[in-house]
Amino acid sequence: MSVINVSLQVLPRVPDERIYDVVDKVISYIDSCGVKYEVGPMETTMEGEIDELLEIVKKAQEICIKEGATRVLSIVKIDYKPEGVTMDEKIGKYRK
């Protein structure tokens, strides 16, 4: 299988003062999965195999609900090409 990128933004329906706490739980879960990832101000981008990353997206929904969200709106972006695509290929030139 090829390496792809998946970006995930979760918007849990919780009181405003809890949003960052719930999102932090999702990011901690992503960190525990051992995939390469980068946290941005609006979304987290992960790199890996599609099945693994989509399973992380699914689990992120469950984490939000477990943390008290009554609903979760998630925005998912997938960058896929058969030969693979990496974050470094797209933004490596901007890093110093």
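This report describes the sheet, the helices and selected residues of a predicted model.

## Basis of the model

Residues are numbered from 1 along each chain as its sequence is written, and side-chain values use heavy atoms, with hydrogens and water left out. Because the model is predicted, local features need pLDDT of at least 70 and side-chain atom pairs count only at pLDDT 80 or more, while totals for chains, interfaces and linings use all residues.

## The sheet

Four strands form an open sheet in the order β2-β3-β1-β4, with antiparallel pairing. Strands (E, at least two residues) and helices (H or I, at least four) are DSSP runs numbered from the N terminus, and two strands pair if DSSP finds at least two bridges between them. The edge strands, each pairing on one side only, are β2 (36-39) and β4 (72-79). From one strand to the next, the twist averages 20 degrees; axes are lines fitted to C-alpha atoms, for helices over the stretch in contact, and angles run from 0 to 180 degrees between N-to-C directions.

Strand β3 (residues 44-49) pairs with β2 over 4 bridges in the antiparallel sense, and Val39 stands opposite Thr44 in β3. Strand β1 is joined to β3 by 6 bridges, with Ile4 opposite Gly48 in β3. Between β1 and β4 there are 8 bridges, and Pro12 stands opposite Val72 in β4. Strand β1 is largely enclosed by the rest of the structure, because 8 of its 10 residues are buried (under 20% relative accessible area; exposed is over 50%, and partly exposed lies in between, with a 1.4 Å probe and protein chains only).

Contact means heavy atoms within 4.5 Å. Helix α2 (residues 50-66) also packs on the sheet, where it touches β1, β3 and β4, and its direction makes about 10 degrees with that of β1.

Val22 lies in helix α1 and is buried, with a relative accessible area of 0%. Not counting residues up to four places away in sequence, Val22 touches Pro12, Val14, Cys64 and Glu67. Val22 and Lys81 are 59 residues apart in sequence and 32 Å apart in space, C-alpha to C-alpha.

Val76 is found in strand β4 and counts as partly exposed, at 36% relative accessibility.
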